[in-house]
Amino acid sequence: SLFQHHTYTHGGCRHMSYTCICACGPNPAIMHYGHAGRPNNRLLEDGDIALLDMGAEYHCYASDITCSFPINGRFSDDQLLIYEAVLAAQIAIISKMRPGVSWPDMHRTAERTILQHLQKGGILKANGSIGDMIDADLGATFMPVGLGHIIGLDTHDVGGYAVGTPNRSERPGLSKLRTARTLAEGMVLTVEPGCYFIDTLMDMALSNPTQ
């Protein structure tokens with residue numbers, strides 16, 4: 001409600017682009033957390049990370065920004081490792097985005113960057129290379145969502161898989177992309193890499209000898 005008030009009174013945005021997603025503790029691992037069946041009713045606790053995924057609509061155009069921060073103002077070592085992994089992935093993507101670049105390639109870049117940080121931080125102890133991890137779809141274990149999406153008059157705007165554009169991949173991770181297009185001048189996309197620790201996916205990876 002504070003975000004809605006601020007964007008209206010200070011930015012002239014009368015509407016939200018979508019229902020605000022506000023999660024803390026373990027709940028950010030639930031995609032698009034918070035709805036009538038599972039409301040955002042968890043109390044903020046010391047040591048939690050809060051995830052805020054919110055966007056205001058201005059003159060019918062949508063925005064979409066996600067940020068994460070520690071409730072008490074201080075990252076733990078593990079929290080900082082994950083935060084910096086995702087930040088590095090976002091910076092890497094933004095530095096490479098230009099007309100002619102494949103969006104699935106950008107998704108792979110995000111996966112690769114996050115895996116590199118997890119390996120360097122000691123979370124991943126795999127003997128193989130980062131390339132081997134990508135080939136085994138381990139990147140999708142930690143980033144089971146698409147890198148981003150086209151945004152415009154709608155938050156998840158149309159045109160992702162338009163006629164004459166590349167088809168959706170069937171590979172884990174890549175299959176979640178909302179577009180597989182080659183970037184062109186004038187396109188607007190969000191850049192939203194993430195690193196998730198979801199028990200079910202962790203168990204599946206640990207039981208898979210290729211991962």
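**View 1. Thr141 lies in helix H5, which spans residues 139-142.** The structure is a predicted model, in which local features need pLDDT of at least 70, side-chain atom pairs count only at pLDDT 80 or more, and totals for chains, interfaces and linings use all residues. Residues are numbered from 1 along each chain as its sequence is written, and side-chain values use heavy atoms, with hydrogens and water left out. Helices (H or I, at least four residues) and strands (E, at least two) are DSSP runs numbered from the N terminus. Thr141 has a relative accessible area of 7% and is therefore buried (under 20%; exposed is over 50%, partly exposed in between; 1.4 Å probe, protein chains only). Leaving aside residues up to four places away in sequence, Thr141 touches Tyr196, Leu201, Met202, Ala205 and Gln211 (contact means heavy atoms within 4.5 Å).

**View 2. Strands E2, E3 and E5 form an open sheet in that order, with antiparallel pairing.** E2 and E5 are the edge strands, each pairing on one side only. On average, neighbouring strands of this sheet are turned by 10 degrees against each other, direction ignored (axes are lines fitted to C-alpha atoms, for helices over the stretch in contact, and angles run from 0 to 180 degrees between N-to-C directions). Two strands pair if DSSP finds at least two bridges between them; the antiparallel strands E2 and E3 are joined by four. Cys22 stands opposite Leu52 in E3.

**View 3. His32 sits in the loop between strand E2 (21-24) and strand E3 (49-54).** Although His32 is not glycine, its phi is positive, near 55 degrees.

**View 4. His59 belongs to the loop between strand E4 (56-57) and strand E5 (65-70).** His59 is not a glycine, yet has a positive phi of about 50 degrees. With a relative accessible area of 61%, His59 is exposed.
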